[in-house]
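Please read this note with the sequence and the model open side by side.

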Amino acid sequence: MKQLIIAADMEGASGIFEENRSWNWNGQDEWREHGRACITSDVLAVVNAAADFGIDDILLYDGHFAGNPEFNVILEKLPPIVRVFDVPNRCFDWRRIRGQAEQKPFGIITVGQHARFGEENAYFDHTIQSPPIKNLFWNGKHIAEIGSAVLSFHNVPYLANIGCAASMGEALELSDKIIPIPVKDMAKGWTPSPRETYPLIYNGVTKALQNAENATNIAVDDGTHHFSMELCDGYVFDTTANISWKGTVAKTKAEWEAPSVEIGLELFNYVRGLLQEE
């Protein structure tokens, strides 16, 4: 069996731009009428390319607007080889997500991805939630949603990133062997429809799967993993809170250490819980 992991977001989906940004708003009418079809088209292009290549098991994590039980991808439009990860309300429970996959899947592909907060010429740039989060670092590497997903599958070849052209910066920093597949580019004024990008995604994913033996895993050494997070203006951490993990919490920056990437990403949720408006 060949298992493929797909980590999906939505801001980087085909057909969603500043002028129709409400299509991103999970649970709203325009999201139901238009936005869901956009990300579903992108995911379906990945799935169909994978199926034609010979992948027979696909696990999908639909991470946009995590915490809401309603899926962004229209699951009924996907073939039976696609399963979704079992996590309450689609939350970022990365250890639970990783535990449901094979030990050595064929690869991981990120789709519908946006850039980190502060990236130039980016559609809907943010880091998990910006504001309030300005940046997140792991062992000195600047990560956001792409990094969180790929690091959780650090022993799995990272094959391709699909999304806003500005999102390729984070993806290529994680692995310069990926196949970058942009579906919109603010800098170039390129705003194609999902129908136009479907064959681009299909062909790019096919190339990525064929190139899998040259893809690389994310290099994660044994030992301590250092994380840090800074806040945007107007937000602070509760520095009076007692913490049970190894780290420090200052007014606008928190740092913590963990014995593994998975635990470090899990601690992120505890750190995030200390956020408050200034």
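The points below cover the basis of the model, a pocket, a helix pair, a salt bridge and some backbone features.

1. This is a predicted model, in which local features need pLDDT of at least 70 and side-chain atom pairs count only at pLDDT 80 or more, while totals for chains, interfaces and linings use all residues. Residues are numbered from 1 along each chain as its sequence is written, and side-chain values use heavy atoms, with hydrogens and water left out.

2. The largest pocket holds about 560 Å³ of space. A pocket is an open set of points on a 1 Å grid over the protein atoms alone, where a 1.4 Å probe fits, with protein on both sides within 12 Å along at least five of seven lines. Grid points are joined across faces, edges and corners, and the volume is the space filled by probe spheres set on them. The lining (residues with an atom within 4 Å of a point) comprises 21 residues, and Glu11, His64, Phe65, His126 and Ile128 lie nearest the centre. Seven of the lining residues are nonpolar, eight polar and six charged.

3. Helices H1 (residues 29-53) and H5 (residues 194-210) have axes that come within 8 Å and cross at roughly 35°. Helices here are DSSP runs (H or I, at least four residues), and strands likewise (E, at least two), numbered from the N terminus. The axes are lines fitted to C-alpha atoms over the stretch in contact, with angles running from 0 to 180 degrees between N-to-C directions. The residues of this contact (heavy atoms within 4.5 Å) divide into 13 nonpolar, five polar and two charged.

4. By the rule used, there are 10 salt bridges, each a side-chain nitrogen of Lys or Arg within 4 Å of a carboxyl oxygen of Asp or Glu. In one of them, arginine 96 pairs with aspartate 86, the closest N and O atoms being 3.4 Å apart.

5. Which peptide bond has omega near -15°? The bond from serine 130 to proline 131 does, and this bond is cis. A cis bond also joins proline 131 and proline 132, with omega about 15°. Proline 132 lies in the loop between S4 and S5.

6. Asparagine 89 has a positive phi, near 55°. Most residues other than glycine have a negative phi.

Terms used:
Ala, Val, Leu, Ile, Met, Phe, Trp, Tyr, Cys and Pro count as nonpolar, Asp, Glu, Lys and Arg as charged, and the others, Gly among them, as polar.
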